[in-house]
Amino acid sequence: MPETTPTETTVAEVLAELAELEDPKARAVNEKHGDDHGVNLSKLRALAKRLKTQQDLARGLWATDDSAARLLGLLVCRPKAFARDELDAMLREARTPKVHDWLVNHVVKKSPHAEELRLAWSADPDPVVASAGWALTTERVEKKPDGLDLAGLLDVIEARMKDAPDRLQWAMNHCLARIGIDHAEHRARAISIGERLEVLKDYPTSPGCTSPYAPVWITELVRRQDGKDQA
């Protein structure tokens with residue numbers, strides 16, 4: 001029999017464990033959101049906690065092209081260990097929404113290459129790639145706004161969000177909402193843009209959840225913040 005490296009053996013063992021966690025009901029729910037795995041995410045996180053950080057294993061799991069394996073790999077990786085071009089290639093390989101979102105949120109946002117990738121991806125002609133750039137921009141709007149042209153971002157959102165493809169539209173709308181929530185000087189304009197474009201105005205929202213329609217989202221979160229400040 002051919003010899004295998006420890007990493008290859010470990011990947012095989014993890015894939016076998018993921019197969020045991022496969023749940024047809026979970027897969028049916030996930031497929032409604034465009035995802036193609038049937039592993040409960042709480043169980044996936046528990047497995048990641050047991051495996052701890054293993055960068056070689058993470059790379060091996062990503063290489064399988066299996067969504068559950070990739071999600072697990074993103075939880076056990078070292079975000080700062082990936083090169084800029086490696087992250088760019090991974091984003092373009094991320095086939096499903098959950099893998100795309102976890103890659104951006106759990107890995108790229110923690111990478112020293114995040115700002116360079118934000119600028120490159122925001123200008124990418126692929127709307128899914130561009131949506132990752134907008135997600136990183138939203139992160140900066142909320143946490144590191146210094147140096148951002150917020151008025152310029154609102155100009156772009158006003159001009160392009162209405163007709164943008166779904167993933168990109170969602171990301172731009174999130175950015176619009178965060179500008180309105182976090183930056184009082186731009187709040188009235190952000191709400192006005194949302195009211196005029198009406199993006200996600202009729203989006204179904206579960207009881208107790210905040211609508212993603214920007215004017216409602218902004219108003220509700222500002223109300224909550226004001227309530228905390230007065231408490």
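Predicted model: local features only at pLDDT ≥ 70, side-chain atom pairs only at ≥ 80, totals over all residues.
**Exercise 1. Explore the largest nonpolar core.** Which residues of the largest nonpolar core touch the most other members?

*Solution.* This core holds 36 residues, and the ones that touch the most other members are Leu18, Leu44, Leu72, Leu87, Leu103 and Trp121. Now ask where the core comes from. Two or more residues each are given by helix H1 (6-21), helix H3 (41-51), H4, helix H5 (67-76), helix H6 (84-93), helix H7 (97-107), helix H8 (114-122) and H9. The largest share is that of H5, with six residues.

Setting aside neighbours within four places in sequence, Leu18 is in contact with Val39, Leu44, Leu47, Ala68, Ala69 and Leu72. The chain also has a second, separate core of 29 residues, including Val141, Ala171, Trp217 and Val222.

**Exercise 2. Look along helix H4.** Which residues of helix H4 are buried?

*Solution.* Find residues 55-63, which make up H4; the buried ones are Gln55, Leu57, Ala58, Gly60, Leu61 and Trp62. Then move past the helix: H4 is followed by Asp65, which has a positive phi, near 65°.

**Exercise 3. Classify the packing of H6 and H7.** Are H6 and H7 roughly parallel or antiparallel to each other?

*Solution.* For H6 and H7, the axes come within 9 Å and cross at roughly 155°. An angle over 145 degrees counts as roughly antiparallel, so H6 and H7 are roughly antiparallel to each other. The crossing of these two helices is left-handed.

Now list who meets whom. H6 brings Leu87, Met90 and Leu91 to the contact, while H7 brings His100, Leu103, Val104 and Val107. Sorted by class, these are six nonpolar, one polar and no charged residues.

**Exercise 4. Compare two partners of H11.** At what angle do the axes of H9 and H11 cross, and at what angle do H10 and H11 pack?

*Solution.* Take H9 (residues 127-143) and H11 (residues 166-182) to begin with: their axes come within 8 Å and cross at roughly 10°. Angles under 35 degrees count as roughly parallel, and H9 and H11 are therefore roughly parallel to each other. Among the residues making this contact are Pro127, Ala130, Ser131 and Trp134 of H9 and Arg167, Leu168, Ala171 and Met172 of H11.

Turn now to H10 (residues 150-160), which packs with H11 at an angle of about 140°, with the axes 10 Å apart. That makes H10 oblique to H11. The crossing of H10 and H11 is left-handed. Here Leu150, Leu153, Leu154, Val156, Ile157 and Arg160 of H10 meet Met172, Cys175, Leu176 and Ile179 of H11. The classes of this contact are nine nonpolar, no polar and one charged.

**Exercise 5. Visit two residues.** Is Leu168 buried or exposed, and is His183 buried or exposed?

*Solution.* Begin with Leu168, found in helix H11. Buried means under 20% relative accessible area, and at 13% Leu168 counts as buried. Leaving aside neighbours within four places in sequence, Leu168 is in contact with Pro127, Ala130, Ser131 and Trp134. Leu168 and Asp126 are 42 residues apart in sequence, yet their C-alpha atoms are 9.4 Å apart in space.

Continue to His183, placed in the loop between H11 and helix H12 (187-197). With 10% relative accessibility, His183 counts as buried.

Key. Residues numbered from 1 in each chain as written. Heavy atoms only, no water. Axes fitted to C-alpha atoms, helices over the stretch in contact; angles between N-to-C directions. Helix = DSSP H or I, 4+ residues; strand = E, 2+ residues; numbered from the N terminus. Parallel < 35°, antiparallel > 145°, perpendicular 65-115°, else oblique. Contact = heavy atoms within 4.5 Å. Buried < 20%, exposed > 50% of the residue type's maximum accessible area, 1.4 Å probe, protein only. Core = buried A, V, L, I, M, F, W, Y, C linked by side-chain atoms within 4.5 Å. Left-handed = near helix turned anticlockwise from the far one by under 90°. Nonpolar A, V, L, I, M, F, W, Y, C, P; charged D, E, K, R; others polar.
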